[in-house]
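Here are my notes on the helix packing and on a few individual residues. Please read them beside the coordinates.

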Amino acid sequence: MFNVTTLIIVITVGVSLYAFERRDIMNKLIFNPYVINVRKQWYRFISHGFIHADYMHLAVNMFVLFFFGRLVEDSFKVLFGDMGIAGYILLYLSAIGIASISSYMKYKNSPNYNSLGASGATSAVLYASILINPWGELYLYFIPLPGIVFGVLYLIYSSYMGRRGGDYINHDAHIYGAIFGFLYPILLKPQLAIRFVDLLLGRFGITL
């Protein structure tokens, strides 16, 4: 059966592999805040989510999308009916751009700053899955953790690494993508916030 998650993976892998061989294509699609600001090439807010730095970078992002994208996609179909697919596509694409706003504001006068990859979008998908199933099991270095615990720890880690810097990873995109992915379904359907709290507290036998 057709699913959007697989289509996104196929497109992203195809574009990334092509860009590996064509530096000119990489340069046209990459997120460069200075070029966006000067040349008004706003498409880069989205296009950079379909290219990656190397095979490992690509594999990690597509691994996350593969394992959590279908859950979110199928849940959107149930939650939003006929608009579920459109809502899921909008989540993914808008997360790429929204996760990059902070970097744009910070580096729009820095010609040498570049960023690329689907991390903002995959973080959004991951945290949307945590909203849907907060006690679902995720793995941190092969250690099983409830999704809500993993989510909190990952935000703390990303915030720390973002302040420390020096590892050439856009941790801001991870943070803002995650926050957006968690809030986006709630904006579409506010009852999901109550459902999340019920699921969270229900684990301890507490009901509202």
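1. Start with the end of α8. Ile-130, Leu-131 and Ile-132 in α8 meet Leu-192, Arg-195, Phe-196 and Leu-199 in α11. Contact here means heavy atoms within 4.5 Å. By class, the residues of this contact are 6 nonpolar, no polar and 1 charged. Ala, Val, Leu, Ile, Met, Phe, Trp, Tyr, Cys and Pro count as nonpolar, Asp, Glu, Lys and Arg as charged, and the others, Gly among them, as polar.

2. A word on the source. This is a predicted model, in which local features need pLDDT of at least 70 and side-chain atom pairs count only at pLDDT 80 or more, while totals for chains, interfaces and linings use all residues. Residues are numbered from 1 along each chain as its sequence is written, and side-chain values use heavy atoms, with hydrogens and water left out.

3. Geometry of that pair. α8 and helix α11 (residues 191–202) pack at about 65°, and their axes are 8 Å apart. That makes α8 roughly perpendicular to α11; the class covers 65 to 115 degrees, with under 35 roughly parallel, over 145 roughly antiparallel and the rest oblique. Axes are lines fitted to C-alpha atoms, for helices over the stretch in contact, and angles run from 0 to 180 degrees between N-to-C directions. Helices are DSSP runs (H or I, at least four residues), numbered from the N terminus.

4. α8 has another partner. Helix α8 (residues 119–132) packs with helix α9 (residues 147–164) at an angle of about 140°, the axes being 9 Å apart. The two helices are therefore oblique to each other. The crossing of α8 past α9 is left-handed, meaning that the near helix is turned anticlockwise from the far one by less than a right angle.

5. Which residues make the contact of α8 with α9? From α8 come Ser-123, Leu-126, Tyr-127 and Ile-130. From α9 come Gly-147, Ile-148, Phe-150, Gly-151, Tyr-154 and Leu-155. They divide into 7 nonpolar, 3 polar and no charged.

6. Thr-122 also sits in helix α8. Thr-122 is buried, at 4% relative accessible area; buried means under 20%, exposed over 50% and partly exposed in between (1.4 Å probe, protein chains only). Beyond four places in sequence, Thr-122 is in contact with Asn-61, Val-64, Leu-65 and Tyr-92.

7. Now helix α1. Thr-12 belongs to this helix. Is Thr-12 buried or exposed? Thr-12 counts as buried, with 0% relative accessibility. A polar atom of its side chain lies 2.7 Å from the backbone oxygen of Ile-8. With neighbours within four places in sequence set aside, Thr-12 is in contact with Gly-49, Phe-50, His-52, Leu-58, Met-62 and Tyr-92.

8. Val-4 lies in helix α1 (residues 4–21) and is buried at 5% relative accessible area. Not counting residues up to four places away in sequence, Val-4 touches Glu-73, Ile-85, Tyr-88 and Ile-89. Ile-11, also in helix α1, is partly exposed at 41%. Ile-11 and Ile-51 are 40 residues apart in sequence and 10.0 Å apart in space, C-alpha to C-alpha.

Definitions and conventions: Polar contact = N/O pair within 3.5 Å; in protein donor to acceptor, adjacent residues only side chain to side chain.
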